[in-house]
Every structure is written in C-alpha cells, then in structure tokens.
Amino acid sequence: MAALSMLKSLRKCATHHLSNFRPSFCHHVASISRSLSTLVLAEHESGSIKASSMSAVVAAACLSEKSSISVLLAGSGSSLHEAAKRAASCHHSVSQVLVADSDKFVYPLAEPWAKLVDLIQQEHCYSHIVAASSSFGKNVLPRAAALLDVSPVTDVIEISESHLFVRPIYAGNALCTVRYTGTNPCMLTIRSTSFPVPLMSDASENEAPISQVDLSTFDEDDFSKSRFVKNTSQDTDRPDLGNARVVITGGRGLKSAENFKMIEKLAEKLGGAVGATRAAVDAGFVPNDLQVGQTGKIVAPELYIAFGVSGAIQHLAGMRDSKVIVAVNKDSDAPIFQKQKERISSDMKPANKHINHHI
C-alpha cells in the first residue's frame, strides 16, 4: 500500500510538472518556427517580377534550408495579380504570396510601403525581411527598419549563416563579415549580382497560395510628406542595365553626347546595355539612370567594355565583379588598366572601329 501511495504521488507530481512545461515547450516550438520565416519585398512591372527581386528570393532561400518565404507585392490592377501568380511559382522555397491591392501602392513611395511592412510584421512576426539593393529597396527598407526599431544590414553579397553576412566596405576594396545581434526582424538589402537566379523547371507544380493583405487598419496620416511626380524611362529595346550580359560604358573621355551614340550602336550590335560613369552623367552626356558605380547601379555582366573610363574607385565598385573587362583608353596609366582582363591603349574611334570590324 505504501508503494502504491508513493507511485500515485509521483504520477501526480509528474502530471503537474508536464502541464506547466507544455506551454513553454509550445512557445519554444513557435519561436523556432518564426525564426525560419522570411518576408521578401518584391517589385513588379507589366505583370512580371523584376529580376532583382528574384535574386532577393534566392538570397532568402540561403538563410536556411527550411526557411519559409513569403513574397510581398503591392499595387493595383490586373498587372499586380498577374505578377502574384508568377511569384507563386517563381521558386520552390516560396510558401506564400501576400498581395496588398490598393491605389495607395500604385507608385512605390517609401512612406506607404514602410507602413505596409510594419503592419505585416506586427501580424506575422517574420525573422528576416529581405529586399534588393535597388532604388526601391534602398528607399523602403531603411524607413521600415526605423518604424520597427531595428538596424538593417545593407549591400549583402554573401550569406554565411542566418545572422552572419558579408558586405563590401571602402567602395568594395575590403569585405566585412557582420553578425546581426539585434531583435527580430533582421532586415537585409542584397546585391542582386551576387545571387544569380537559377533556371527553374516544373515551377507550376510548386505554386504557393496567394493571400490578400487586410488593409482595414492601414493608417494614411503620414503619406503627405512625399508625392509621386512622374516616371521617365528610355524607349529602347536594349536589356536592363542591371541584368545585361554585355555592358558598354562610356566615361568623361568620350567628351560629348554625340560620341555616346557610337557606343550605343555597338551595344545594339552586341545585344548589350549602355552604362556611364558619374563624370559623364554630371557632364550631361547621358541620363543618370545609366550611371554605374558606388552611387549608381551595380553590374556584373559576362562582358564589360569601358570607353574613356579612367577607373575611379567609385566606378570600379560598381563593375569589379564583371567576368571579362575590356578597357579602351589612350592613357596607358589609367587606373582601370589595373583591373581589366583585356587592354586596348588607343583613341576611342579607331578602337571602336576595330571592335565593330571583328564582331
């Protein structure tokens, strides 16, 4: 009887401790689940996901093999829903597509987008929020980070662990390994050239569900600080500068906008994009959306041809990852010759004629 009484006492004690343990265990499991969730802020145009946002999805998949990835799209109209369908099957790691359908997001302004990210984060508690280091990502993510009271990690080129990243510093002359030790969410912008998008097969078999974001509590009080004025783009059949396989760049050495037309013709022949240095943009030779460099676009084409580019450190930061670099400059001591893989020390016109002759 004494042994039976002791057994009942032990069973009662064990039941009491297990009932107290279960909630904390469930909380621990929920915490692990949240730690594997990532929100990708995606751009879309004409019903398609932009290539830079696809790279952001690839980067998000590098955070963990078991990471759950949600893609956020915002805007209005049929193109938004067409983009959402494509996002649902763009990568096998995408588990959900969130759609914020409202006229407030017709133009990608930082204020409404940051508020949207804050609203979604409060509901879903993502561990990571990722965007590309495009004009869109650089505009939205810092403001959203301020609302969430966290510090973003920018220009990530390598993901070592879920909270350990590599990013360039000193205009790309050094690489810095950064460990994020702050609270969730860990917010990142990634260089799309460092996370190439693989070819996906049978993507339709992995179609993720599409959910509408509840905007009933969305606050519009702070949206008067900025307004959309206009969007200008060049009407051209050339590929996008940030994703082109071939980039032909001109510098201040071209001396005029007229000379830029020569490299534009070469770019059309090669099926490439046209770029420019900061000096050429400031001189008014070409619009600033063609600028390549630390304060412009980061490119990593298979072939990069530079005409009249001296090779300032700020420009090299934007193209140093190019596979083959051909430098054309009559100054044989130009700094870019320290980085080039093929060298033509010549005036631009005969060099351009020589290249065209051999295409």
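The structure is a predicted model, in which local features need pLDDT of at least 70, side-chain atom pairs count only at pLDDT 80 or more, and totals for chains, interfaces and linings use all residues. Residues are numbered from 1 along each chain as its sequence is written, and side-chain values use heavy atoms, with hydrogens and water left out.

In helix α6, the buried residues are Asn259, Phe260, Ile263, Leu266 and Ala267. They lie on the same side of α6, because they cover an arc of only 110° around the axis, the arc being that of the directions from the helix axis to the C-beta atoms. Glu258, Lys265, Glu268 and Lys269 are exposed, and they sit on the face of α6 turned away from its buried side.

Helices (H or I, at least four residues) and strands (E, at least two) are DSSP runs, numbered from the N terminus. Helix α6 takes in residues 257-270, and Gly271, which follows α6, has a positive phi near 65°.

## Loops with positive phi

Two residues other than glycine also have a positive phi. Lys255, in the loop between β13 (246-250) and α6, has a phi near 70°, and it is exposed, with a relative accessible area of 61%. Tyr170, in the loop between β9 (164-169) and β10, has a phi of about 50°, and at 65% relative accessibility Tyr170 is exposed as well.

## A cis bond and a buried glutamate

Asn184 and Pro185 are joined by a cis peptide bond with an omega of about 5°, and Pro185 belongs to the loop between β10 (174-179) and β11 (186-190).

Glu43, in the loop between β1 (37-41) and β2 (44-45), is buried at a relative accessible area of 14%. Apart from its neighbours within four places in sequence, Glu43 is in contact (heavy atoms within 4.5 Å) with residues including Ser48, Lys50, Ser134 and Phe136.

Note on methods: The expected span of a helix is 1.5 Å times one less than its number of residues. Buried means under 20% relative accessible area, exposed over 50%, partly exposed in between (1.4 Å probe, protein chains only).
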